[in-house]
Amino acid sequence: MNYEVVIGLEIHLELQTISKLFCGCSTAFDREPNTNCCPVCLGLPGSLPVFNKRAIELAVIAALALNSEVQRGSRFDRKNYFYPDLPKAYQVSQYDRPLARGGYLEFEADSGVRRVGLERVHLEEEAGKLQHAGNSIYQAEYSLVDYNRAGIPLLEIVTAPQIHSGREARAFLENLRLTMLYAGVSDCKMEEGSLRCDANISLRPPGSDRFGTKAEVKNMNSFRSVEMALDYEVGRQAKLLDAGSIVVQETCHWDEVNKRTISLRDKEESSDYRYFPEPDLMPLQLNNSFIEKLAEKMPELPRQRLQRLLEQYGLDKEAAVLLTANPGLSNLFEETAGIYGRYKDLANWIQGDLLYQLREQGKEPVEINPNQLAELLKLLDEGVINRPVAKELLSEMVQRGLSPKKLVEDRGLTMISGPQKLVPLVEQVIADNPEAVESYQKGKKKVIGFLLGKVMDLTGGRADPGEINRILKDKLKD
Amino acid sequence: MGIDFNREVDRVARLARLSLDPDEKKHMADQLSDILETARRIQELDTSGIEPTSHVINIPVAMREDEVKPSLPLSKVLQNAPRRENDYVKVPRVTPPASNEEGK
């Protein structure tokens with residue numbers, strides 16, 4: 001039977017501050033375990049939390065970028081549960097008065113522009129990190145806890161149940177990540193856990209106005225696994241419903257190795273978090289000028305940049321989408337476009353050979369000097385070098401940051417062109433290869449490639465093959 | 001009010017991972033009953049026109065700049081940990097086993 005799939009996502013983002021939400025401990029990712037901890041983030045008696053102003057600013061910027069309505073008054077609450085990743089046995093979070101309500105994210109989907117609504121955006125503290133001994137969470141006999149992460153500012157974004165497939169969930173997430181990257185609020189690295197996603201998923205007969213029983217899926221560690229896990233859940237739940245059985249409300253883990261979801265036994269009364277207002281923190285009051293100042297400084301967001309790349313530079317959609325999806329590349333494009341006017345050529349080089357070289361050599365776009373890139377393309381345009389030489393220089397430019405102009409001068413890579421230089425070389429090759437010339441003249445026209453190669457060799461690869469070809473054909477007629 | 005205080009104490013104790021003997025339970029049930037009775041009497045007051053509040057003083061929330069301050073030395077961080085392994089706090093496994101090892 002056909003079902004309508006209903007998915008809502010809950011996304012957690014670590015905000016890009018250098019110190020934690022309530023104390024001055026560092027948020028650095030790669031420190032020795034338990035070295036970024038203090039009485040506040042360990043929840044030692046007598047310690048008091050003090051808000052990190054930057055964390056509040058970043059949370060507001062994120063909410064504004066998501067069109068969510070920032071509340072002038074919001075409150076922090078204690079969410080009580082026992083799990084060893086929480087040193088205090090509660091998490092400071094927000095419950096009934098979140099930082100921002102509503103909102104939406106718009107993005108380019110297969111079917112055109114898609115808008116997914118949001119329920120809320122709120123700020124909370126990150127938990128510590130557990131390492132489970134043994135191969136999996138199920139086999140572990142004990143766990144090891146590192147509290148370095150505990151207390152890092154964490155943003156929670158909850159979508160409306162408006163997503164209808166694993167593919168769409170993935171597209172939403174990728175675009176949410178991009179928006180948050182552009183807004184500069186988080187580095188959004190799923191592999192390091194600074195962007196995480198849980199999903200609620202249920203099925204119902206098409207047209208039904210009641211939701212089916214949902215399952216919550218956790219532990220999806222990549223965009224790909226979000227799509228796979230949700231597709232798997234759709235299949236699992238559909239099979240149950242087809243068989244006249246019911247879906248049990250439960251939490252499952254995505255098992256990346258076996259590509260399936262595994263049910264975790266229902267935590268006893270796990271939903272009873274006994275929220276109550278955090279007595280150590282005053283309610284958060286944000287005045288209009290605080291919010292307006294941040295709104296004024298809002299960086300350009302992906303949809304605006306896409307529009308600009310299309311209109312200002314006349315790029316085709318494919319190139320514009322690719323550049324938008326990679327902020328580093330589009331920054332490089334724009335900086336170079338300021339000094340090099342052939343925008344489409346520039347975009348082609350950037351998304352083609354340059355991107356390839358960056359990946360090949362493990363470099364970032366920001367390491368590329370726009371002046372050098374422009375220099376290289378001008379040398380090519382002016383006929384000083386040919387394409388193969390340009391590609392070679394690009395590689396060295398990426399690898400060692402060397403100026404293409406200087407490389408050309410130092411190595412004598414200037415293109416050899418014009419009949420004056422090329423005709424003698426062509427004549428030499430014709431003289432040296434009588435057999436090839438004979439077969440060409442007997443009709444084996446393909447032989448010209450061989451001769452062309454010989455002339456190119458003599459120029460050290462620095463001539464335009466088209467020009468040699470013309471001269472060769474001309475000479476072979478005689 | 002129809003609340004079974006003994007059951008309520010059992011529930012809260014379970015959530016708080018507290019084990020109480022029968023005397024303690026009785027003691028807690030009596031206290032809980034008194035506390036809720038007090039709350040009931042407060043609820044009789046007419047609070048229409050009064051802003052709901054979670055704090056008794058009305059001062060702006062304190063903020064600090066985003067600056068890193070020294071953390072505690074590792075020896076202090078782990079001082080109260082009942083068990084440790086290397087530089088980690090060692091805890092019993094908490095996640096319950098899968099309800100169906102075969103998956104579903």
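How many bridges join S10(A) to strand S11 (residues 142-146) of chain A? Select both strands: four bridges join them, and they run antiparallel. Zoom in and you can see A:Gln131 standing opposite A:Leu144 in S11(A).

Before going on, some ground rules. This is a predicted model, where local features need pLDDT of at least 70, side-chain atom pairs count only at pLDDT 80 or more, and totals for chains, interfaces and linings use all residues. Residues are numbered from 1 along each chain as its sequence is written, while chains are lettered from A and ligands numbered from 1 in the order in which they are written. Helices (H or I, at least four residues) and strands (E, at least two) are DSSP runs, numbered from the N terminus. Two strands pair if DSSP finds at least two bridges between them.

**Stop 1**

You have an open sheet of four strands, in the order S10(A)-S11(A)-S3(B)-S2(B), with antiparallel pairing. Strand S10 (129-132) of chain A and S2 of chain B stand at the edges with a single partner strand each, so one side of each is left without a neighbour in the sheet. While you are looking at strands, here's a handy rule: in a regular strand the side chains alternate between the two faces of the sheet.

Stay at S2(B) for a moment. The loop between strand S2 (84-85) and strand S3 (88-92) of chain B holds B:Asn86. B:Asn86 is not a glycine, yet has a positive phi of about 50 degrees. Is B:Asn86 buried or exposed? B:Asn86 is exposed, with 9 other C-beta atoms within 10 Å. (Buried takes 20 or more other C-beta atoms within 10 Å of a residue's own, exposed 12 or fewer, and partly exposed is in between; C-beta atoms are placed from the backbone.)

**Stop 2: where the chains touch**

Colour the two chains differently. Here 37 residues of chain B are in contact with 47 residues of chain A, contact being C-beta atoms, placed from the backbone, within 7 Å. On the chain B side, strand S1 (63-64), helix H3 (74-77) and S3 each give two or more residues. S3(B) gives the most, with five residues. By class, that side of chain B has 19 nonpolar, seven polar and eleven charged residues. (Ala, Val, Leu, Ile, Met, Phe, Trp, Tyr, Cys and Pro count as nonpolar, Asp, Glu, Lys and Arg as charged, and the others, Gly among them, as polar.)

Next, pick S2(A) and S1(B): two bridges join them, and they run parallel. Look for A:Asn52, which stands opposite B:Arg64 in S1(B).

**Stop 3: a covered strand and a buried loop residue**

Select strand S12 (residues 153-159) of chain A. S12(A) is mostly covered, with five of its seven residues buried. Strand S1 (residues 4-14) of chain A pairs with S12(A) in the antiparallel sense over five bridges, and A:His12 stands opposite A:Glu156 there. Strand S9 (residues 112-125) of chain A also runs antiparallel to S12(A), joined by seven bridges. In that pairing, find A:Glu124 opposite A:Leu154.

Then go to A:Asn34, in the loop between S1 and strand S2 (51-52) of chain A. A:Asn34 is not a glycine but has a positive phi of about 60 degrees. A:Asn34 is buried, with 24 other C-beta atoms within 10 Å.

**Stop 4: the domains of chain A**

Colour chain A by domain: domain 1 (4-293), domain 2 (302-411) and domain 3 (419-477), with bounds from an automatic or database domain assignment. The C-alpha centres of domain 1 and domain 2 of chain A lie 37 Å apart. Six residues of domain 1 of chain A are in contact with five residues of domain 2 of chain A. On the domain 1 side, strand S8 (104-109) and helix H2 (166-183) of chain A each supply at least two residues. H2(A) gives the most, with four residues.

**Last stop: a helix in the open**

Finish with helix H2 (residues 22-43) of chain B. None of the 22 residues of H2(B) is buried, so H2(B) lies largely in the open.

Note on methods:
Two residues are in contact if their C-beta atoms, placed from the backbone, lie within 7 Å.
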